[in-house]
Amino acid sequence: GIVCGAEQTQVSKSETSMILVIDDDIATCMIIRSMVERMGMACDVAHSSEEAVEAISRRLYAVVFIDTFLPSSTGWDLASEIHRHLNGAQMPKMVGMSTSNKADIRCLCLEAGMENVFLKPVLRIDLESAIRGGRSKRPSSKS
């Protein structure tokens, strides 16, 4: 896979305005990246947990959107790994993305340090609420 944009050494936005989308589904990544860029923010994409860890080691992100099921790990395992690698001011807000609204998946994500879990397809209002720090107007994945 390719980490789109992560190889850049300079971006026009401040480093902390960067968003990272981690999902093995290329179409989902393209859609979310497009929505984020239309909001005026820069967005990197990773298609695996390995690519995500590599991207996070090179750049600070404001928000990281993590698919709950990646090819080589779960989103909550990746969130725990990010917590082990980063600390304090470097820690991005992490938000899960899932096709399932099962409470156990939501709990695993929240326990791993994610602030919320959105149902796929992720809507622009979800992205805006996560990026701007508010609450989503749409029901979350509670069951």
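Q: What share of the chain do buried residues make up, and what makes a residue count as buried?
A: Of the 143 residues in the chain, 49% are buried, where buried means under 20% relative accessible area, exposed means over 50%, and partly exposed lies in between, with a 1.4 Å probe and protein chains only. The model is predicted, so local features need pLDDT of at least 70 and side-chain atom pairs count only at pLDDT 80 or more, whereas totals for chains, interfaces and linings use all residues. Residues are numbered from 1 along each chain as its sequence is written, and side-chain values use heavy atoms, with hydrogens and water left out.

Q: How many helices and strands does the chain have, and what makes a run of residues a helix or a strand?
A: Helices are DSSP runs of H or I with at least four residues and strands are runs of E with at least two, numbered from the N terminus. The chain has 5 helices and 5 strands, and along the sequence they follow the pattern β-α-β-α-β-α-β-α-β-α.

Q: What makes a set of residues a nonpolar core, and which members of the largest one touch the most other members?
A: A nonpolar core is a set of buried Ala, Val, Leu, Ile, Met, Phe, Trp, Tyr and Cys residues joined through side-chain atoms within 4.5 Å. The largest has 23 residues, among which Leu-20, Ile-22 and Ile-66 touch the most other members. Strand 1 (19-22), helix 2 (49-58), strand 3 (63-67), helix 3 (75-85) and helix 4 (103-111) each give two or more residues to this core, and the largest share, 4 residues, comes from helix 3. A second, separate core of 19 residues includes Ile-32, Phe-65, Met-97 and Ile-131. In soluble globular proteins, nonpolar side chains tend to be buried together.

Q: Which residues does Ile-66 touch, not counting those up to four places away in sequence?
A: With contact defined as heavy atoms within 4.5 Å, and with residues up to four places away in sequence not counted, Ile-66 touches Ile-22, Gly-75, Leu-78, Ala-79, Ile-82, Met-94, Val-95, Gly-96, Met-97 and Met-114.

Q: How do you know in what sense strand 1 and strand 2 pair, and what is the hand of the crossover between them?
A: Two strands pair if DSSP finds at least two bridges between them, and strand 1 and strand 2 have 4 bridges in the parallel sense, with Val-21 opposite Val-45 in strand 2. A crossover is right-handed if, with the strands pointing away from the viewer, the path from the first strand over the helix to the second runs clockwise. The β-α-β crossover from strand 1 through helix 1 (residues 26-38) to strand 2 is right-handed.

Q: Why does the length of helix 1 agree with what its 13 residues should span?
A: The expected span of a helix is 1.5 Å times one less than its number of residues. For helix 1 this gives 18 Å, and its end C-alpha atoms are 18 Å apart, which agrees.

Q: Which residues of helix 1 are buried, and how do you know where they lie around the axis?
A: The buried residues of helix 1 are Thr-28, Cys-29, Ile-32, Met-35 and Val-36. They cover an arc, taken from the directions from the helix axis to the C-beta atoms, of only 135 degrees, which puts them on the same side of helix 1. The face turned away from that buried side carries the exposed residues Ile-26, Met-30, Ile-31 and Arg-38, while the cover over the buried residues includes strand 1, strand 2, strand 4 (93-98) and helix 5 (124-132).

Q: Why is strand 4 called largely enclosed by the rest of the structure?
A: Strand 4 has 6 of its 6 residues buried, so it is largely enclosed by the rest of the structure. Lys-93, Val-95 and Met-97 point one way from strand 4 and Met-94, Gly-96 and Ser-98 point the other way. Strand 3 runs parallel to strand 4 and is joined to it by 5 bridges, and strand 4 is also joined by 4 bridges to strand 5 (residues 116-119), again in parallel. Met-97 stands opposite Phe-118 in strand 5.
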